[in-house]
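Morning, everyone, and thanks for coming. I have one model to walk you through today, so let me put it on the screen.

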Amino acid sequence: MVVAKVIGDGKDDFLVSAFWSDTQQGTNYLVSSQDIAAADAADGTVDGIVDLGNIAAQANSFELQGINGGDITGVSVANVGDVNGDGVNDLIIGSLGGDGSVYNDGVTPNPVGVGGGNGVGEAYVVSTSDLAAADAADG
C-alpha cells in the first residue's frame, strides 16, 4: 500500500494492491480519502468496513487492473512525485509477470525466459490527473 496526495484535493489518498486477484492479473484500488464514507455506506451499513469492490463506483476513486492473467500487477507500488509536471503526484505500479515470464496462462508457472518473457516484468507510471479521462475512454 502507498499513501500519497494524488486526487488533487490536498488530502492523503491511498493505493491498495491485490496483486494475486483475478488469476494473478492483479487489481489495485486508488482510494480517495473523500470517498471513504460513501464507500463504507455502499453496502448498506456504516460500520467502518469498506468492501474494495465498492471503490470504483465512487466519484474520485479508481480500480486499476493488470492486463493479463499472471501479470501480478501491483506486486510493488510507489508514489513517484509529480513526474509529468501537472502539479499532482503520480504512481508507479510494478507487474512482476507483465512480460509473460511468470505465468503463461495465469496458473502454470514458467521458468525464466519461457512464455515470451525475459523475467524482468514491467512497470507502469500512472498519471493520476489523467485517470478520469482514461476511465471514461474504456467504457
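Let's begin with serine 61, which sits in the loop between helix 2 (36–41) and strand 4 (62–65). When I say helix or strand, I mean DSSP runs numbered from the N terminus, H or I over at least four residues for helices and E over at least two for strands. Please keep in mind that this is a predicted model, where local features need pLDDT of at least 70, side-chain atom pairs count only at pLDDT 80 or more, and totals for chains, interfaces and linings use all residues. Residues are numbered from 1 along each chain as its sequence is written, and side-chain values use heavy atoms, with hydrogens and water left out.

So, is serine 61 buried or exposed? Serine 61 has a relative accessible area of 2%, so it is buried; buried means under 20% relative accessible area, exposed over 50%, and partly exposed in between, with a 1.4 Å probe and protein chains only. Its side chain makes a polar contact of 2.8 Å with the side chain of aspartate 35. A polar atom of the serine 61 side chain also lies 2.8 Å from the backbone nitrogen of serine 32. For polar contacts the rule is a pair of N or O atoms within 3.5 Å; within protein, one must be able to donate a hydrogen and the other to accept it, and residues adjacent in sequence count only if both atoms are side-chain atoms. Not counting residues up to four places away in sequence, serine 61 touches Leu30, Val31, Ser32, Asp35, Ile55 and Ala56, where contact means heavy atoms within 4.5 Å.

Valine 50 is also in the loop between helix 2 and strand 4. With 28% relative accessibility, valine 50 counts as partly exposed. Leaving out residues up to four places away in sequence, valine 50 touches Ile36, Ala39, Asp40 and Ile55. Valine 50 and alanine 38 are 12 residues apart in sequence, and their C-alpha atoms are 9.2 Å apart in space.

Now to the strands. Strand 3 (residues 27–31) holds asparagine 28, and asparagine 28 is buried because its relative accessibility is 0%. What does the side chain of asparagine 28 join in a polar contact? The partner is the side chain of serine 17, at 2.7 Å. Beyond four places in sequence, the contacts of asparagine 28 include Phe62, Glu63, Leu64, Val77 and Ile93.

Strand 3 runs antiparallel to strand 4, and four bridges join them; by our rule, two strands pair if DSSP finds at least two bridges between them. Leucine 30 stands opposite phenylalanine 62 in strand 4. Strand 4 itself has a covered face, made of Phe62 and Leu64, and an uncovered one, made of Glu63 and Gln65.

Next, the open sheet of three strands: its order is 5-6-7, with antiparallel pairing. Strand 5 and strand 7 stand at the edges, each with a single partner strand, so one side of each has no neighbour in the sheet. Neighbouring strands of this sheet are turned by 20° against each other on average, direction ignored; axes here are lines fitted to C-alpha atoms, for helices over the stretch in contact, and angles run from 0 to 180 degrees between N-to-C directions.

Strand 6 (residues 90–95) is mostly covered, with five of its six residues buried. Six bridges join strand 6 to strand 5 (residues 73–81), and leucine 91 is the bridge partner of asparagine 79. Five bridges join strand 6 to strand 7 (residues 122–126). There, isoleucine 92 has valine 125 as its bridge partner, and serine 95 stands opposite glutamate 122.

What about the core? The largest nonpolar core has 12 residues, among them Leu15, Leu30, Phe62, Leu64, Leu91 and Ile93. Strand 1 (2–4), strand 4 and strand 6 each supply at least two residues of this core. The definition is a set of buried Ala, Val, Leu, Ile, Met, Phe, Trp, Tyr and Cys residues joined through side-chain atoms within 4.5 Å. Leucine 91 touches, among others, Val2, Val6, Leu15, Leu30 and Val126.

Last, how many salt bridges does a search of the whole structure find? The search finds one, where a salt bridge is a side-chain nitrogen of Lys or Arg within 4 Å of a carboxyl oxygen of Asp or Glu. Aspartate 12 forms a salt bridge with lysine 5, and the closest N and O atoms are 3.1 Å apart. Aspartate 12 is partly exposed at 41% relative accessible area, and lysine 5 is partly exposed at 42%.
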